[in-house]
Amino acid sequence: MFNYLWPILLVIGANTLYNITAKSTPPNVNPFASLSITYLVGAVLSLILFFATSQTNNKTNWTAVLFGLAIVALEYGYINVYRLGWKLSIASLVANIGLACVLLVIGILFYKETVTLRQIAGLLVCAAGFFLLVK
């Protein structure tokens with residue numbers, strides 16, 4: 001069971017630290033200066049972990065570049081969300097509700113995932129929650 005749960009617990013813990021850090025970034029600091037240091041630390045750590053866990057197949061493709069673009073946009077967006085005054089307790093929740101709804105549709109359209117009535121009900125609850133949070 002732990003092998004199934006540890007990655008999601010890591011995501012939750014890292015995302016908690018991520019949002020607190022994004023909200024704590026000083027408003028007078030250029031966000032791209034901050035992100036440059038962030039990526040330098042991330043690059044060094046990734047390189048160390050790459051060598052520590054290296055396998056025989058180390059090929060990558062276009063996804064690494066697109067992932068980098070997505071991460072910069074995500075982090076720049078979160079820094080600005082908090083600078084515009086969004087509350088820590090609301091911003092990530094609204095973003096993740098919107099993300100869940102978008103990914104459900106993408107999963108159906110592009111990955112041929114099946115949708116149950118329970119998921120549709122969850123989507124409607126997310127939409128209602130989204131509406132209540134931003135109103």
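## Packing of α2 and α3

The axes of helix α2 (residues 31–53) and α3 cross at roughly 135° and come within 11 Å of each other. The two helices are therefore oblique to each other, in a model that is predicted. The crossing in which α2 passes α3 is right-handed.

On the α2 side, the contact is made by Pro31, Phe32, Leu35, Thr38 and Tyr39. On the α3 side, Ile71, Val72, Glu75, Tyr76, Ile79 and Arg83 take part. Sorted by class, the contact of α2 with α3 holds eight nonpolar residues, one polar residue and two charged residues.

## The nonpolar core

The largest nonpolar core consists of six residues, namely Ala22, Leu35, Tyr78, Ile79, Tyr82 and Ala91. Helix α3 (residues 62–83) gives the most to this core, with three residues. Two members of the core, Leu35 and Ile79, also belong to the contact of α2 with α3.

Tyr82 is another member of this core. Leaving aside neighbours within four places in sequence, Tyr82 is in contact with Asn19, Ala22, Lys23, Lys87, Leu88, Ala91 and Ser92. Ala22 and Ala91, both in that list, are themselves core residues.

## Asn19 in helix α1

Asn19 lies in helix α1 (residues 2–24). Is this residue buried or exposed? Asn19 is buried, with a relative accessible area of 5%; the cut-off for the buried class is under 20%.

Not counting residues up to four places away in sequence, Asn19 touches Tyr78, Tyr82, Leu88 and Ser92. Asn19 and Tyr78 are 59 residues apart along the chain, and their C-alpha atoms are separated by 7.6 Å.

## Packing of α3 and α4

The axes of α3 and helix α4 (residues 88–111) come within 10 Å and cross at roughly 135°. That angle makes α3 oblique to α4. As with α2 and α3, the crossing of α3 past α4 is right-handed.

Residues Tyr78, Val81 and Tyr82 of α3 make this contact with Leu88, Ala91, Ser92, Ala95 and Asn96 of α4. By class, the contact of α3 with α4 comprises six nonpolar residues, two polar residues and no charged residues. Among its members, Tyr78, Tyr82, Leu88 and Ser92 are also touched by Asn19.

## Packing of α4 and α5

Two packed helices are described by the angle between their axes and the distance between the axes. For α4 and helix α5 (residues 117–134), the angle is about 145° and the axes are 10 Å apart. Here α4 passes α5 in a left-handed crossing.

From α4, the contact involves Ile90, Leu93, Val94, Ile97, Gly98, Cys101 and Leu104. The residues of the contact of α4 with α5 divide into 11 nonpolar, three polar and no charged.

## Lys112 in the loop between α4 and α5

Which residue lies in the loop between α4 and α5? Lys112 has its place there. Lys112 is exposed, with a relative accessible area of 64%; the exposed class begins over 50%.

Most residues other than glycine have a negative phi. Phi of Lys112, however, is near 55°, a positive value in a residue other than glycine.

Definitions and conventions. Residues are numbered from 1 along each chain as its sequence is written. This is a predicted model: local features need pLDDT of at least 70, side-chain atom pairs count only at pLDDT 80 or more; totals for chains, interfaces and linings use all residues. Side-chain values use heavy atoms; hydrogens and water are left out. A nonpolar core is a set of buried Ala, Val, Leu, Ile, Met, Phe, Trp, Tyr and Cys residues joined through side-chain atoms within 4.5 Å. Buried means under 20% relative accessible area, exposed over 50%, partly exposed in between (1.4 Å probe, protein chains only). Helices (H or I, at least four residues) and strands (E, at least two) are DSSP runs, numbered from the N terminus. Contact means heavy atoms within 4.5 Å. Axes are lines fitted to C-alpha atoms, for helices over the stretch in contact, and angles run from 0 to 180 degrees between N-to-C directions. Angles under 35 degrees count as roughly parallel, over 145 as roughly antiparallel, 65 to 115 as roughly perpendicular and the rest as oblique. A crossing is left-handed if the near helix is turned anticlockwise from the far one by less than a right angle, and right-handed if clockwise. Ala, Val, Leu, Ile, Met, Phe, Trp, Tyr, Cys and Pro count as nonpolar, Asp, Glu, Lys and Arg as charged, and the others, Gly among them, as polar.
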